[in-house]
Amino acid sequence: MYHVYMNYGPDQPVLYDITLRIGKAEFAFVTGPSGAGKTSLLRLIFLAEPCASGQILVAGENVARLPESRRHLVRRKIGVVFQDFKLLPLRTVAENVAVGLEVLGWPRRQVRRRVEEMLRLVDLEHKAHVLPARLSGGEQQRVAIARAMIGDPPILLADEPTGNLDAELSLQIYDLLERINARGATVVVATHDRAWVERTHRRVIALERGRVVTGGLPAA
Ligand SMILES: Nc1ncnc2c1ncn2[C@@H]1O[C@H](COP(=O)(O)OP(=O)(O)OP(=O)(O)O)[C@@H](O)[C@H]1O
Ligand SMILES: [Mg+2]
């Protein structure tokens, strides 16, 4: 994205002159203190928030000025795991994962096969028919990731995917995100968890008070 500005209302600028480029199949962290704008940046890429000015290119297309009627086409290319996207409590794990394909009208058998594949990927085949309340935090997070990836989007955005998890479960989640990246998806993870970020040696885009302070452009 190039020279992107965003605000939540006339006197609430949030992102200032953001220029960054994340390559296809890259794995990048977005870090920064609370309030720096990490969540806002991911929401902007997912077109959940309008951008005030600048260009946002997703798979080569400038989507910053896309009319609402065409935004869903871009969103389909992006899997998201946001903290406020809860699992449906009265649906089983398998049903939660299937939601994204059902709205697209996929035939049942194909949905079932694809759900099985995703549950295998996140190592939760044995919990397919359980309700989310019966899962641990890490398992719920893996279900959310499976749900995000069900349509095989080329991009995955994850906001604090290890937010409430202990070190062991965090490791599992990062391992899963690495596997998704190894399958060819671009993965962008927002987190303030510096320890994890430093351990992985992945690219870091650091935000501070709505500006990119380091890492906006890939190391050549
Ligand atoms: N819906 C909103 N309306 C108005 N202001 C908002 C809204 N959401 C966020 N903000 C403001 O935008 C700024 C950036 O918030 P954002 O949630 O993007 O930060 P963050 O880096 O994700 O922080 P955290 O680490 O706490 O999740 C903050 O100053 C916040 O108060
Ligand atoms: Mg946030």
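Two residues are in contact here if their C-beta atoms, placed from the backbone, lie within 7 Å.

## Basis of the model

The model is predicted: local features need pLDDT of at least 70, side-chain atom pairs count only at pLDDT 80 or more, and totals for chains, interfaces and linings use all residues. Residues are numbered from 1 along each chain as its sequence is written, while chains are lettered from A and ligands numbered from 1 in the order in which they are written.

## Overall form

The protein has seven helices and 11 strands; these are DSSP runs numbered from the N terminus (helices H or I, at least four residues; strands E, at least two). Its radius of gyration is 17 Å, close to the 17 Å of the globule rule for 220 residues, so the protein is as compact as a globular protein of that length. That radius is taken over C-alpha atoms, and the rule is 2.2 Å times the number of residues to the power 0.38.

Along the principal axes, the C-alpha atoms fill a box of roughly 45 × 40 × 35 Å. Of the contacts between residues at least 6 apart in sequence, 69% join residues at least 24 apart.

## Helix α3 and its partners

Helix α3 (residues 93-102) packs against helix α4 (residues 108-121) at about 125 degrees, with the axes 9 Å apart. This makes α3 oblique to α4 (under 35 degrees is roughly parallel, over 145 roughly antiparallel, 65 to 115 roughly perpendicular, the rest oblique). Axes are lines fitted to C-alpha atoms, for helices over the stretch in contact, and angles run from 0 to 180 degrees between N-to-C directions. From α3, Ala94, Val97, Ala98, Leu101 and Glu102 meet Val111, Arg114, Val115, Met118 and Leu119 of α4.

With helix α5 (residues 137-149), α3 packs at an angle of about 30 degrees, the axes being 7 Å apart. The two helices are therefore roughly parallel to each other. Here Val93, Asn96, Val97, Val99 and Gly100 of α3 meet Val143, Ala146 and Arg147 of α5.

## Lysine 38

Lysine 38 lies in helix α1 (residues 38-45). It is buried, with 24 other C-beta atoms within 10 Å (20 or more is buried, 12 or fewer exposed, in between partly exposed, with C-beta atoms placed from the backbone). Buried residues make up 38% of the 220 in the protein.

Leaving aside neighbours within four places in sequence, lysine 38 is in contact with Val30, Gly32, Ala190 and Leu207. Its C-alpha atom is separated by 9.9 Å from that of valine 14, 24 residues apart along the chain.
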